Amino acid sequence: MFARILTFVTLAAAVNAYWTFGATPVLVQTRLDSIVSPGVVSSHVHAIVGASGFSPNYDPDQLMQSKCTTLSVQKDLSNYWAPQLYHRDQNTGQFTAIPSVFNIYYLPRPGPKNEPIKAFPKGLRMLAGDTFRRTYNASSFEEQAIDFVCLTANGGSNEAPPLPTQECVGGLRAQIFFPSCWDGVNLDSADHKSHMAYPIQAYNGGDCPASHPVHLISLFIEMEVQVQQFDWHGPGTWVFANGDTTGYGLHADFQNGWDVDLLQQAIDQCSGQSGDLLACPPLAALYDPQAAAACVYEGVVADEPTGVSSPVTDLPGCNPVYNSGQTCPSKPTPALVSVQTPLPSGWTEVGCIAEGTSGRALAALSTTAPNMSKDVCASFCASHGYTLAGAEFGDECYCDNALRNGATGAVLEWDQCANRCAGNEYENCGGSSKLTLMSHGGSVAHADKGSRRAVRFAKEDA
């Protein structure tokens, strides 16, 4: 990893400070691509990280209204994505999505002219790589910018452009270096590439060409894929969502959701050269891994199996395995459906609250269920005549008509309720001694108050 990052050191006096969003979890895996296929189901499944408000269409103002991001700095509401990698079973031929995380590097890379490094402009989107490529041109910067690292036994590694043809017992890194020179005018282009260019001297650093004179911060992505969790049976074991077994068709997309001023401050002020985010004062002040871990996707997905929860017979979409002789199965295009189910009519989510100090905040009735979600909990309580419902620990539900046992009802920060709902991974159902509280009618009675009047919650002071 570090050898690749420091390759360009001979072209400049020193490599400037950089930072990394390490081990960033995937937000969603679905057939969406707001850059190449806006508004519709895309051709193949992508693993997407970043802002929770990702949608089939990119609107920077809308994206920056996202509730959260899976990145540890909540002011980067960008999205980053690459094709999902699958394991193909040797006996059944079925495909299983392999878990992955993203390491996202921001690298100031001035060339010999020491050009100023600029933040991504608002609305910028770009694509690196080509989903249709199946051969390799070693003289092309665009193709040099994509390769793989196979982590082998005893801490060793092998780095090369194609997908490895050996077992990677320590995992696999799929690596993409985006172009860093912008034409200064267009935020996108017809091929999603022409408004950007690689530097003159090397794909990963140097001076910008006259046609693309604005030198932006360099973006480098590693998709760490946990291939070691599956058996290896030779070439063809791993298949990208686009059917590619060569690795040459690896690509990645970026859509900007940064607070541009903050990004420029980080470029100008970061001094650490270890990649440590906490060594960058403008970003360290906003470091919030708890919010990143609690963040869930808020949008829509293609209504089809993707191989994430169980194996699939065919890769979603029309993506026969390269050189396999396969043909595409005839299937209708799936609809786009919301990942979150609305609460029953008349119910609203109050927020995250602490449990009672001397017992359950909602003590009248409870249940547990493997399909628990916020709407399941609210529906259960409503069916028994209760007006308050609280989900906790992912699969528990509590009901009552008033808060009890010393529960103050102060609404906590949303990320205090970070347990995924057992029945919907895109919703949070409480936390440790915390309830995701829902109310019928929008107000909440407090049994510990003599008047038992309805009170609305105020946000707890920090």
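**View 1. The link of Cys150 and Cys168 is left-handed, with -120 degrees about the S-S bond.** Cys150 lies in strand 9 (residues 146-151) and Cys168 in the loop between strand 10 (157-160) and strand 11 (171-177), so the pair ties together parts that are 18 residues apart in sequence. The two are joined by a disulfide, S to S 2.1 Å; a disulfide is a pair of cysteine sulfur atoms within 2.5 Å. By this rule the count comes to 9 disulfides. Cys150 and Cys168 are buried, where buried means under 20% relative accessible area, exposed over 50% and partly exposed in between (1.4 Å probe, protein chains only). Helices (H or I, at least four residues) and strands (E, at least two) are DSSP runs, numbered from the N terminus.

The model is predicted: local features need pLDDT of at least 70, side-chain atom pairs count only at pLDDT 80 or more, and totals for chains, interfaces and linings use all residues. Residues are numbered from 1 along each chain as its sequence is written, and side-chain values use heavy atoms, with hydrogens and water left out.

**View 2. A disulfide joins Cys68 and Cys295, with S to S 2.1 Å.** The link of Cys68 and Cys295 is right-handed, with 85 degrees about the S-S bond. Cys68 sits in the loop between helix 2 (60-63) and strand 4 (79-83), and Cys295 in the loop between helix 6 (289-294) and strand 18 (300-302), so the pair ties together parts that are 227 residues apart in sequence. Cys68 and Cys295 are both buried.

**View 3. Cys318 and Cys328 form a disulfide with S to S 1.7 Å.** The angle about the S-S bond is 75 degrees, and the link of Cys318 and Cys328 is right-handed. Cys318 and Cys328 each lie in the loop between strand 18 and strand 19 (336-338), 10 residues apart. Cys318 counts as exposed, because its relative accessibility is 52%. Cys328 is partly exposed, with a relative accessible area of 29%.

**View 4. An open sheet is formed by 3 strands in the order 6-5-16, with antiparallel pairing.** Strand 6 (95-97) and strand 16 (238-240) are the edge strands, each pairing on one side only. On average, neighbouring strands of this sheet are turned by 40 degrees against each other, direction ignored. Here axes are lines fitted to C-alpha atoms, for helices over the stretch in contact, and angles run from 0 to 180 degrees between N-to-C directions. Strand 5 (residues 85-88) pairs with strand 16 in the antiparallel sense over 3 bridges; two strands pair if DSSP finds at least two bridges between them. Leu85 has Phe240 in strand 16 as its bridge partner.
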